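Look at the chain before reading on.

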Amino acid sequence: MDNTLFSRRRAERFAQLLDEANGARRHHVRSRVDDDLAPLVAVGQRLVAERPKVDVDPEFRT
């Protein structure tokens with residue numbers, strides 16, 4: 001078994017779930033890893049929802 005293939009599939013599924021959680025169209029598939037990835041998707045949603053306001057120093061831009 002090629003671990004790289006499975007980790008790539010898992011990463012691609014995680015990206016799909018994040019996109020779906022942020023309003024992208026749903027893919028009509030369920031994966032065995034969905035239950036494992038659900039807590040990570042929840043963290044991703046919280047990070048987006050609680051994004052801090054950051055002011056950039058004008059000197060830094062120059």
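## A pair on one helix

Start with Arg8 and Glu12. They sit four residues apart in helix H1, which spans residues 3–21, so about one helical turn separates them. An α-helix has 3.6 residues a turn, so residues three or four places apart point the same way. The side chains of Arg8 and Glu12 meet in a salt bridge, with 3.0 Å from N to O. Side chains of opposite charge can pair when their charged atoms come close.

How open are the two partners? Arg8 has 55% relative accessibility, so it counts as exposed, since the cut-off is over 50%. Glu12 has 42% relative accessibility, so it counts as partly exposed.

## The model and its confidence

This is a predicted model. The mean pLDDT of the chain is 82. Of its residues, 87% reach 70 or more.

Where is confidence highest, and where is it lowest? Helix H2 has the highest confidence, with a mean of 89. Helix H3, residues 58–61, has the lowest, with a mean of 82. Where pLDDT is low, the predicted coordinates should not be read in detail.

## The chain as a whole

The chain has 62 residues. It holds three helices and zero strands. Read along the sequence, the pattern is α-α-α.

Buried residues make up 13% of the chain. The accessible surface of the chain comes to about 5,800 Å². Carbon and sulfur atoms account for 54% of that surface.

## Helix H2 and Asp34

Helix H2 covers residues 34–49, and Asp34 is found in it. H2 has 16 residues. From its first C-alpha to its last, H2 reaches 22 Å, close to the 22 Å expected at 1.5 Å a residue.

Which residues of H2 are buried? They are Asp34, Leu37, Val41 and Gly44. Asp34 has 4% relative accessibility, so it counts as buried, since the cut-off is under 20%. Setting aside residues up to four places away in sequence, Asp34 touches Arg13, Leu17 and Val29.

## Salt bridges

How many salt bridges does the structure hold? It holds five. The Arg8 and Glu12 pair is one of them. Another joins the side chains of Arg30 and Asp34, at 3.4 Å from N to O. The side chains of Arg30 and Asp34 also make a polar contact, at 3.4 Å. These two partners differ in setting. Arg30 counts as exposed because its relative accessibility is 64%. Asp34 counts as buried because its relative accessibility is 4%. Salt bridges that share partners join Arg13, Arg30, Asp34 and Asp35 into one network.

A further salt bridge links the side chains of Asp55 and Lys53, at 3.2 Å from N to O. Are Asp55 and Lys53 buried or exposed? Both are exposed.

Arg13 belongs to helix H1. At 7% relative accessibility, Arg13 counts as buried. Which residues does Arg13 contact, leaving aside neighbours within four places in sequence? They are Glu20, Val29, Arg30, Ser31, Val33, Asp34 and Leu37. Two residues on that list, Asp34 and Leu37, are buried in H2.

Phe14 is also placed in helix H1. Its relative accessible area is 25%, so Phe14 is partly exposed. Phe14 touches Leu37, Leu40 and Val41, not counting residues up to four places away in sequence. Phe14 and Leu40 are 26 residues apart along the chain, and their C-alpha atoms are separated by 8.3 Å. Leu37 and Val41 are buried in H2.

## The loop between H1 and H2

His27 lies in the loop between H1 and H2. Is His27 buried or partly exposed? With 29% relative accessibility, His27 counts as partly exposed.

His27 is in contact with Gln16 and Glu20, leaving aside its neighbours within four places in sequence. His27 and Gln16 are 11 residues apart along the chain. Their C-alpha atoms are separated by 7.9 Å. Glu20 is also a contact of Arg13, again leaving aside neighbours within four places.

Conventions: Residues numbered from 1 in each chain as written. Predicted model: local features only at pLDDT ≥ 70, side-chain atom pairs only at ≥ 80, totals over all residues. Heavy atoms only, no water. Buried < 20%, exposed > 50% of the residue type's maximum accessible area, 1.4 Å probe, protein only. Polar contact = N/O pair within 3.5 Å; in protein donor to acceptor, adjacent residues only side chain to side chain. Contact = heavy atoms within 4.5 Å. Expected span 1.5 Å × (residues − 1). pLDDT = per-residue confidence, 0-100. Salt bridge = Lys/Arg side-chain N within 4 Å of Asp/Glu carboxyl O. Areas by Shrake-Rupley, 256 points an atom, 1.4 Å probe, with all protein chains shown as cover.
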